[in-house]
Amino acid sequence: MELPNVKDYKLTPGMKVHELVEQMLNAGFQATEIGRAVEIIERMKKNGATIFLSFTANMVAAGLRGVFALLAKKKFVDVIITTGGAIDHDVIKSISSYIIGRFDMDDIDLHKRGINRLGNILIPNDRYVTFENVIQNILSEIYEEKRVITPSELIMEIGKRMKDESSFIYWAYVNKIPIFCPGITDSALGLQVFFFKQTHKDFIIDVTGDMKELADIVFDAKSTGGIILGGGIAKHYTIGVNLLRGGLDYAVYITTAQPWDGSLSGARTTEAISWGKISEKANHVTISGEATVIFPLIIIKVFEDLKIW
C-alpha cells in the first residue's frame, strides 16, 4: 500500500475552519489523527451506525456544552453517556453564567470568597444554591407521579422542564436521545437526591434499571460507533456495554491522559480491542489532546462535509 506524503499547511487570507482541518490529515503528528477522526465519524454516520457520545462533566462547564447541544439538536448522536456533574453544569448554566479565571489563582482566597475553581473556570457557590432550589422542586414534582426512577428517566424529566435551547439535556429530551449516567450519585444532583430522601424515604434511583434499555440499544444496532471525550466511568460504560455485541465498529478517542499507569482514561483504542470492547476490524483512532480545542474543529469539518448545517 502506497503511503501519502506529508504536506505543508498552506494558510490563506479568509481561510475557513473546515478548509484548515482539511489540510490536517497530511500534516503529521496529532493533526493527522484529527483528520482520521473526521473520516471515521463521517463513516459511522454515513453507514447508519448507532452513535454513542461520551464525555465528562468538566467539558460541560466549559464551552463544549454548546457543541453537545448542537449534536443533540441535529440528532447526530443516538445515545449520550456522561457523568453526574454534566447534569449539574448544564442546569446551572441554563440559569447563571460561569466565569473565566486563571489556572494559577490563589485558591485559598477563592475559597474564602465562596468561589470554586475548575481549571481556569470559576463557579461561585450561589450557582449551587440556585441549582438546589430548581432540583428540589423537580424532585417534588416527580415524587407525585412515581417513587422509583432510573437515572435516564430522571434526566429526561429535568430536560422536559429546562426550556433552554442552549441545554444539551433539553435537546436530548426533545429528540428522545437517552442520556445514561451510571455515576449519577457522584454529583451535586446526587447530593440533592440524598437530601430529598431524608424526608421521602421511598424515593429510589434505580441505576441498574437503565442497563436493559442500554443493552437493548446495543443488541438492536446494525453497527455502533463511539465518540469518546475524556475518560472515567462515562468512557468505560460506553465501551463496556458494546462488549455485548463484539465491540464498537467505529471509535474516536480524545484524551489528555497517558496509558503508562494502566488507567482507563489513558488507554488507547488498541487496548480496548484486547478486551473485545472495540472490534478487531473497527475503524479507530486516539487523539492525544484537549477536547475543547480539538472537538469543535472535528465537528465543523464533519458538519460541512455531510451538509448538516
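Me: What is a pocket, and how much space lies in the second largest pocket?

Reply: A pocket is an open set of grid points where a probe fits, with protein on both sides within 12 Å along at least five of seven lines. The model here is predicted. In it, the second largest pocket holds about 240 Å³ of space.

Me: Which residues line the second largest pocket?

Reply: Lining residues have an atom within 4 Å of a point of the pocket. Here the lining includes Met-1, Glu-2, Leu-3, Pro-4, Asn-5 and Val-6. Leu-25, Asn-26, Ala-27 and Gly-28 are also among them, as are Thr-32 and Arg-36. Sorted by class, this lining has 6 nonpolar, 4 polar and 2 charged residues.

Me: What is the volume of the largest pocket, and which residues are the closest to its centre?

Reply: The largest pocket has a volume of about 320 Å³. It is lined by 20 residues, and Asn-58, Met-59, Glu-290, Ala-291 and Thr-292 are the closest to its centre. Helix H3 (57-61), strand S10 (248-255) and helix H14 (291-306) each give two or more residues to the lining. By class, the lining of the largest pocket divides into 9 nonpolar, 10 polar and 1 charged.

Me: How is the radius of gyration of the protein chain read?

Reply: The value is compared with that of a compact globule. For 309 residues such a globule would have a radius near 19 Å; the protein chain has 20 Å, which agrees.

Me: What share of the residues is buried?

Reply: Buried means under 20% relative accessible area. In the protein chain, 52% of the 309 residues are buried.

Conventions. Residues numbered from 1 in each chain as written. Predicted model: local features only at pLDDT ≥ 70, side-chain atom pairs only at ≥ 80, totals over all residues. Heavy atoms only, no water. 1 Å grid on protein atoms, 1.4 Å probe; cavity = no way out; pocket = protein on both sides within 12 Å on 5 of 7 lines; lining within 4 Å. Points joined across faces, edges and corners; volume = space filled by probe spheres on them. Helix = DSSP H or I, 4+ residues; strand = E, 2+ residues; numbered from the N terminus. Nonpolar A, V, L, I, M, F, W, Y, C, P; charged D, E, K, R; others polar. Rg over C-alpha atoms; globule rule 2.2 N^0.38 Å. Buried < 20%, exposed > 50% of the residue type's maximum accessible area, 1.4 Å probe, protein only.
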